[in-house]
Structures are given as C-alpha cells and as structure tokens.
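Thanks for sending this one over. Here are my notes, in numbered points, to read alongside the model.

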Amino acid sequence: MSTVTNPTVAVVGATGAVGTTMIEILTSRRFPVKDLRLMASSRSAGRVVPTAWGDVVVEDLATADPAGIDIALFSAGGSRSKEYAPKFAEAGAVVVDNSSAWRQDPKVPLVVAQVNDAAIRDHQGIVANPNCTTMVLMMAAGPLHEAAGLTRMTATSYQSVSGSGQTGMEVLEHELDVLGKDRDLLATGGWSDPNSDLYARPIGYNVLPHAGSFTEAGYTDEEWKLVHETRKILEADGILVEPTCVRVPVMVGHGIAATMWFSRPVGVAEAKQILGDAPGAQLWGDAKVPTPLDSAGIDDVLIGRVRETVGEPGGISLWTVGDNLRKGAALNAVQLAELLLD
Ligand code: A2P
C-alpha cells in the first residue's frame with residue numbers, strides 16, 4: 001500500500017451533516033492536511049467555508065478537477081460515489097467512501113478502524129466506510145468475535161434522524177413542533193399528519209420500524225447492510241444475522257440492542273473484560289446506562305446492559321450506542337485516512 005505524508009485532502013459532500021463533521025474532525029485530530037478542497041452540488045458551489053486551513057471555496061463536484069488530490073473523503077450519496085469515486089481514484093486519490101456504493105465490491109476493503117485495520121492494505125484506490133449502524137455494533141461485536149468466534153446475532157437498531165442527513169434533523173424539528181401543538185390528540189388520536197416527504201410515517205413523537213427502503217424478503221436495505229457488512233468486516237461468511245432497523249426521534253446517536261452467540265459459551269465476566277479493553281469503546285455499568293444523548297459529540301462508542309442470555313444459554317446480550325456522524329461516519333473515515341499516512 002502506498003502512503004502519503006502531507007496530503008491534499010478533498011471532502012466531497014462538504015456541506016452535509018457528515019461532510020461538515022469530517023472537516024471538524026480533520027481539524028480536531030490535527031490531520032496533516034497540505035491543502036483542503038471542498039466539493040458539493042452546484043447549489044453550494046462558490047460558498048466560502050472558513051477552515052483551519054484558510055477560507056475554502058466550495059467546488060461543484062460535477063466540474064471539479066481531481067488532479068493532485070491524495071485522499072478524498074466522500075459523503076455525497078451513493079450515486080455520486082458510484083460515478084465520481086473511480087474518476088478520483090484514477091486521478092491518483094485514495095477515496096474513503098461513506099456511501100453504500102462500493103461496500104460489497106470484493107476489490108474494496110470495508111474497514112472499521114480499530115476492528116479490522118489490516119484490511120485497508122489491499123485497497124485499489126477505494127476504501128469503504130461501513131454503514132453507521134453496523135459500525136457502532138462492530139465496535140462491540142468485533143472484539144467478542146476475535147475472542148470467541150461470533151456465529152449468530154439478532155440486532156435491533158434505534159437509529160437517529162441524522163442518519164438521513166441534514167434533512168432528517170430538519171424534519172424531526174419540524175414534526176416535534178407541529179405535532180407538539182396537538183399534544184392531547186397524540187394521546188387520544190386525531191392528530192394531523194405533518195406529511196413530511198422524507199419518511200413514510202411521522203417521526204416526531206413516534207418510532208418507525210422502517211429505516212431505509214424495503215427490498216428482498218420483507219427486509220429493508222439498512223437491515224441487509226447489517227447482514228452483509230457484518231460478514232465482510234469480520235471475515236466470516238457463515239455468521240447468521242437477524243436484523244430489524246428502527247428509526248427513532250433522536251437527533252444524533254444510533255443504538256443497537258444485540259444478542260450474540262459464539263463458537264463456545266461466553267460468560268458475562270469474560271464479555272465485560274473483553275469489552276472493557278476494547279479500543280474506541282467505553283463499557284458503562286448498569287447504574288448509568290448509555291443513551292444516544294450521551295454518545296452525541298464524542299468519539300467513543302458506549303456499551304452497556306451486558307448480560308448472559310436467559311433463553312438459550314451461552315450467549316451475550318448488550319446495548320451499544322455511538323455518534324452516527326462521528327464513529328458511524330466521519331470519524332471512521334478520518335481514522336481510515338490516518339491509516340493511509342506514512
Ligand atoms: P449540497 O449541500 O450542495 O446539496 P446530507 O446527507 O447532510 O443531506 O448532505 C449531502 C451532501 O452531499 C451535501 O454536501 C450535498 O451538497 C452533497 N450532494 C448532494 N447532491 C449532490 C450532487 N448532485 N453533487 C454533489 N454533491 C451533492
């Protein structure tokens with residue numbers, strides 16, 4: 001793998017929820033940026049963004065010249081990644097792509113920093129950042145898998161609206177405002193649907209057992225990502241995953257309630273020891289359970305409610321929650337970029 005010392009870095013999707021977090025994290029981690037380039041749609045082109053590397057004018061991705069870029073962090077949606085990531089890679093950049101466009105391509109490593117770092121060595125110009133829910137779950141599942149070999153897992157996500165970008169947060173704020181005015185009707189029926197375009201049903205004061213789009217066998221694409229990405233990251237095609245992805249009225253922070261079984265029984269003391277030592281994670285006790293609000297704005301993924309299974313013995317149930325914009329997206333992308341440095 002070729003590495004760089006003082007790279008020119010591009011953030012593609014720089015005006016979005018993840019893109020702006022990428023710029024913040026490049027800054028706070030003192031990433032050795034030689035030159036920063038910011039790209040978004042023609043709607044944002046020309047906007048000036050003050051950064052630690054000076055004022056940067058946003059470029060239109062459609063007309064931007066990728067020559068000279070060493071590392072490009074993409075978070076502008078799957079279709080942009082499909083079209084532009086190969087062009088950037090051909091021009092010499094290593095693309096760290098936050099969309100789902102390349103994650104299942106066998107030539108593209110899918111890497112959770114601090115879980116399967118070594119996989120990045122095989123990149124051919126594009127590296128994929130996993131799905132935000134999968135990423136948070138892997139911070140707990142990865143170390144347990146390493147110790148005991150994960151064989152089966154049920155996982156139910158509680159995903160915040162920022163997983164749908166800036167628009168998700170705007171929709172939640174709007175719906176809380178509109179529906180909050182009908183407070184009594186929320187309890188007795190007769191509330192008016194705010195009819196936001198983004199989600200099929202209201203998210204304000206509600207829970208949607210529908211994250212992503214329905215695809216095969218009655219599962220959503222978000223749910224299939226949990227299945228396929230878990231197997232690819234942990235390099236174990238046989239892991240059985242039973243996923244349910246739920247959208248909740250939370251701004252930032254994706255939580256996952258998971259139950260896991262392994263190639264041998266794992267007790268709670270061993271699981272807590274492994275999770276307590278897991279890099280990038282904090283194990284919290286039952287006195288203060290970790291919530292999305294606790295995870296928002298921090299780098300570590302929080303793990304709690306660790307307990308032995310009471311139905312079929314030998315497994316571990318736990319709760320894990322992480323900032324989907326940080327570890328779930330921008331932080332991991334920057335950590336992967338750090339692995340590309342000399
Ligand atoms: P823009 O702000 O110009 O629309 P989010 O997921 O928070 O909505 O952010 C999506 C990011 O992807 C934004 O930076 C957005 O830019 C960018 N984006 C959306 N559509 C395009 C496009 N057609 N070309 C380039 N960037 C795009």
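Which residue in β2 does V9 stand opposite?

1. V9 stands opposite L36 in β2. Please keep in mind as you read on that this is a predicted model. The pair belongs to a parallel pairing of β1 and β2 that runs over 5 bridges.

2. Now for β1 (8-12) as a whole. Here 5 of the 5 residues are buried, so β1 is largely enclosed by the rest of the structure. The cover is on both faces: T8, A10 and V12 are buried on one side, and V9 and V11 are buried on the other.

3. Next, the sheet around that strand. It is an open sheet of 6 strands, in the order β5-β2-β1-β6-β7-β8, with parallel pairing. At its edges are β5 (59-60) and β8 (126-128), each of which pairs on one side only. The partner of β8 is β7 (residues 94-97), in the parallel sense and over 3 bridges. If you want a place to look in that pairing, V95 has I126 of β8 as its bridge partner.

4. Helix α9 (residues 326-339) lies across β6, β7 and β8, and runs at about 165° to β6.

5. Within α9, have a look at L331. Is L331 buried or exposed? Its relative accessibility is 2%, and because buried means under 20%, L331 counts as buried. Leaving out residues up to four places away in sequence, L331 touches I25, R29, D299, L325 and R326. By contrast, a C-alpha separation of 29 Å lies between L331 and N206, which are 125 residues apart along the chain.

6. A second residue to check is R201, in the loop between α5 (183-188) and α6. With 46% relative accessibility, R201 counts as partly exposed. Its contacts, again not counting residues up to four places away in sequence, are W191, D193 and L208.

7. Now to the helix pairs, starting with α3 (residues 132-148) and α6 (residues 221-233). They pack at an angle of about 45°, and their axes are 9 Å apart. That angle makes α3 oblique to α6. The crossing of the two is right-handed. On the α3 side the contact is made by T133, T134, L137 and M138, and on the α6 side by E222, K225, L226, E229, T230 and I233. Sorted by class, this contact has 4 nonpolar, 3 polar and 3 charged residues.

8. Helix α3 also meets helix α7 (residues 268-277), with axes that come within 9 Å and cross at roughly 120°. These two helices are therefore oblique to each other, and their crossing is right-handed. The residues that meet are A140, P143, L144 and A147 in α3 and A271, I274 and L275 in α7. What classes of residue make up the contact of α3 with α7? There are 7 nonpolar residues, no polar and no charged ones. When you compare the two contacts on screen, recall that the one with α6 has 3 polar and 3 charged residues.

Note on methods:
Residues are numbered from 1 along each chain as its sequence is written. This is a predicted model: local features need pLDDT of at least 70, side-chain atom pairs count only at pLDDT 80 or more; totals for chains, interfaces and linings use all residues. Side-chain values use heavy atoms; hydrogens and water are left out. Axes are lines fitted to C-alpha atoms, for helices over the stretch in contact, and angles run from 0 to 180 degrees between N-to-C directions. Helices (H or I, at least four residues) and strands (E, at least two) are DSSP runs, numbered from the N terminus. Angles under 35 degrees count as roughly parallel, over 145 as roughly antiparallel, 65 to 115 as roughly perpendicular and the rest as oblique. A crossing is left-handed if the near helix is turned anticlockwise from the far one by less than a right angle, and right-handed if clockwise. Contact means heavy atoms within 4.5 Å. Ala, Val, Leu, Ile, Met, Phe, Trp, Tyr, Cys and Pro count as nonpolar, Asp, Glu, Lys and Arg as charged, and the others, Gly among them, as polar. Buried means under 20% relative accessible area, exposed over 50%, partly exposed in between (1.4 Å probe, protein chains only). Two strands pair if DSSP finds at least two bridges between them.
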